[in-house]
Amino acid sequence: MSENKEIIINGEKIPKELVEIILKRLNAMPPNISLAVLGKILTKEDIMKEIKGGSNIGKEILLIEIEYYKDLVRS
Amino acid sequence: MVDRNIILIARTMNEEKISANVPTKYIFHWAELVKKEAKLLGLKVIDLKNENFTEENMKKMIEEFDPYIIFLNGHGTEYSIKGKDDKTDVIIRCKNDHLFKDRIVYALSCKTSRILGKSAYNKGCKCYIGYKEELIFPTQQFENVLDDFVSEPFMKVSNEIVITLIKTGSPHEAIQNFHKLSDELINYWEKQTKPESLFIQKYLKLMKKIIYASIPLE
């Protein structure tokens, strides 16, 4: 994803501002943590790259982040 | 007649490309704890490891020993579970998922409960427990998997399913215990101030969301 490109997941446009916030949150991820997705390991840098690149796994992680914050707002 | 005193565990850890396969290495070692517990509880354990985790061996072992519980660990898709080399399909929808008839299956794999699990259930699998989406958990990529406190909660909740199945034979209880333990651990990690705690709770919540069991009405 270039700086101005929008991400669309399941037909829903994810606001650029929300993506920016999530990327900032992910950037604060402790350096000792990676994410194990069966088949590969994603470091913080990999995750940021996947999201910015709009890959399937990047979109899944983005959705997980969005859902997490939605749940926080609901609770 | 299935044998309630037998569990079949299948797992793989491709040593040749281990750096790329930390996730399977982790779940491989998690399953070792289940194996120990099963033995302590007096069950016979069939352990199909690495190069033995093949379609032929699965068929042979299921037909010969008739295990009640099958615990699968490895890569998965909507349609299949992969074995020894992380690429070769071992259980495939509508090819050999009838082997699960009358048994309880737990697959620690991505996505298999979407289609494979439902297909197996339609062919008489007593209960298929798996995940609907990509299975993701945080890790510190430790050499000694069991020293990793970040991934430990994920091991605990996953193993709780199999250990409950071994103890009670009830998929209902297994799922209930999974959710109960997950809630306890989420609650615990919400109170911690370690920088890792947010990721642990976030992905535990995800695991709770994506687990899916085809359970018959009891």
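**Note on the two-chain model**

1. H4(B) is followed by B:Gly169, a residue with positive phi, near 70 degrees. This is a predicted model. Helix H4 of chain B runs over residues 152–168. At 1.5 Å a residue, its 17 residues should span 24 Å, and the end C-alpha atoms are 24 Å apart, so the two agree.

2. The bend is about 25 degrees and is centred on B:Glu160.

3. Which residues of H4(B) are buried? They are B:Pro153, B:Phe154, B:Met155, B:Val157, B:Ser158, B:Asn159, B:Ile161, B:Val162, B:Thr164, B:Leu165 and B:Ile166.

4. Now the core. The largest nonpolar core holds 74 residues. The members that touch the most others are B:Leu8, B:Phe71, B:Val105, B:Tyr106, B:Tyr128 and B:Ile129. In soluble globular proteins, nonpolar side chains tend to be buried together.

5. Take B:Ile129 from that group. Leaving aside residues up to four places away in sequence, B:Ile129 touches B:Val105, B:Tyr106, B:Ile161, B:Pro171, B:Ala174, B:Ile175 and B:Ala213. One of these contacts, B:Ile161, is a buried residue of H4(B).

6. On to chain A. The axes of H1(A) (residues 16–27) and H2(A) (residues 44–53) come within 10 Å and cross at roughly 170 degrees. Angles over 145 count as roughly antiparallel, and the two helices are therefore roughly antiparallel to each other. H1(A) contributes A:Leu23, A:Leu26 and A:Asn27 to the contact, and H2(A) contributes A:Lys44, A:Ile47, A:Met48 and A:Ile51.

7. How many residues meet between the chains? In chain A, 17 residues are in contact with 23 residues of chain B. On the chain A side, S3, S4 (40–42) and H3 (56–74) each supply at least two residues. The largest share, five residues, comes from H3(A).

8. A:Ala36 is worth a look in the viewer. It lies in strand S3 of chain A, residues 34–37. A:Ala36 is buried, because 25 other C-beta atoms lie within 10 Å and the cut-off is 20 or more. Beyond residues up to four places away in sequence, A:Ala36 touches A:Ile41 in its own chain, and B:Val22, B:Pro23, B:Tyr26, B:Ile136, B:Phe137 and B:Thr139 in chain B.

9. Check two backbone angles in chain B. B:Asn50 is not glycine, yet its phi is positive, near 45 degrees. B:Asn50 sits in the loop between S2 (44–49) and H2 (55–65). It is partly exposed, with 16 other C-beta atoms within 10 Å.

10. B:Asp66 is another non-glycine residue with positive phi, near 55 degrees. Its loop joins H2 and S3 (67–73) of chain B. With 15 C-beta neighbours inside 10 Å, B:Asp66 counts as partly exposed.

How values were computed:
Residues numbered from 1 in each chain as written. Chains lettered and ligands numbered in written order. Predicted model: local features only at pLDDT ≥ 70, side-chain atom pairs only at ≥ 80, totals over all residues. Helix = DSSP H or I, 4+ residues; strand = E, 2+ residues; numbered from the N terminus. Expected span 1.5 Å × (residues − 1). Bend = angle between axes of the 7 residues up to and from the residue. Buried ≥ 20, exposed ≤ 12 C-beta atoms within 10 Å, placed from the backbone. Core = buried A, V, L, I, M, F, W, Y, C linked by C-beta atoms within 7 Å. Contact = placed C-beta atoms within 7 Å. Axes fitted to C-alpha atoms, helices over the stretch in contact; angles between N-to-C directions. Parallel < 35°, antiparallel > 145°, perpendicular 65-115°, else oblique.
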